[in-house]
Amino acid sequence: MSVAEKIKTVQVQDEFRTCLVCGYDMGFQTSVVRAGAAVRVILICPECGARFDIGWTVNLPKE
Ligand SMILES: [Zn+2]
């Protein structure tokens, strides 16, 4: 199973701070996944490790 297949896509409403898998509600840790020239910022539940993609993409400075 690839990295992308295990990441759940989420549409953020007013706030996204509660894990949809385990209910932990104190927010998320982050990871970045390379997406061409940019990176996707992935949210990781610190309680159960579930990963969520809210469509957050960041451009990094060129070296
Ligand atoms: Zn969780």
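## Cysteines without disulfides

A disulfide is a pair of cysteine sulfur atoms within 2.5 Å. Search this whole structure for one and you'll find zero disulfides. What do some of the cysteines do here? Four of them, Cys19, Cys22, Cys45 and Cys48, coordinate a zinc ion through their SG atoms.

Before going on, a quick word on what you're looking at. This is a predicted model, where local features need pLDDT of at least 70, side-chain atom pairs count only at pLDDT 80 or more, and totals for chains, interfaces and linings use all residues. Residues are numbered from 1 along each chain as its sequence is written, and side-chain values use heavy atoms, with hydrogens and water left out.

## Around the zinc

Along the chain, the donors are spaced as C-x2-C-x22-C-x2-C. Cys22 is in the loop between strand 1 (7-9) and strand 2 (29-35), while Cys48 is in the loop between strand 3 (38-44) and strand 4 (51-59), so this pair ties together parts that are 26 residues apart in sequence. Strands here are DSSP runs (E, at least two residues), numbered from the N terminus.

Are these cysteines buried or exposed? Cys19 is buried, at 4% relative accessibility, where buried means under 20% relative accessible area, exposed over 50% and partly exposed in between (1.4 Å probe, protein chains only). Cys22 comes out as partly exposed at 38%, and Cys48 is partly exposed too, at 37%.

Now look at Phe52, which belongs to strand 4. With a relative accessible area of 0%, Phe52 is buried. Leaving aside neighbours within four places in sequence, Phe52 is in contact (heavy atoms within 4.5 Å) with residues including Cys19, Leu20, Val21 and Val10. Phe52 and Val10 are 42 residues apart in sequence, yet their C-alpha atoms are 6.4 Å apart in space.

Asp53 is in strand 4 as well, and Asp53 is buried at 11%. Not counting residues up to four places away in sequence, Asp53 touches Ile7, Lys8, Thr9, Val10, Arg40 and Ile42.

Technical notes. Donors = N, O, S within 2.8 Å, 3.2 Å for Na, K, Ca; no water. Helix = DSSP H or I, 4+ residues; strand = E, 2+ residues; numbered from the N terminus.
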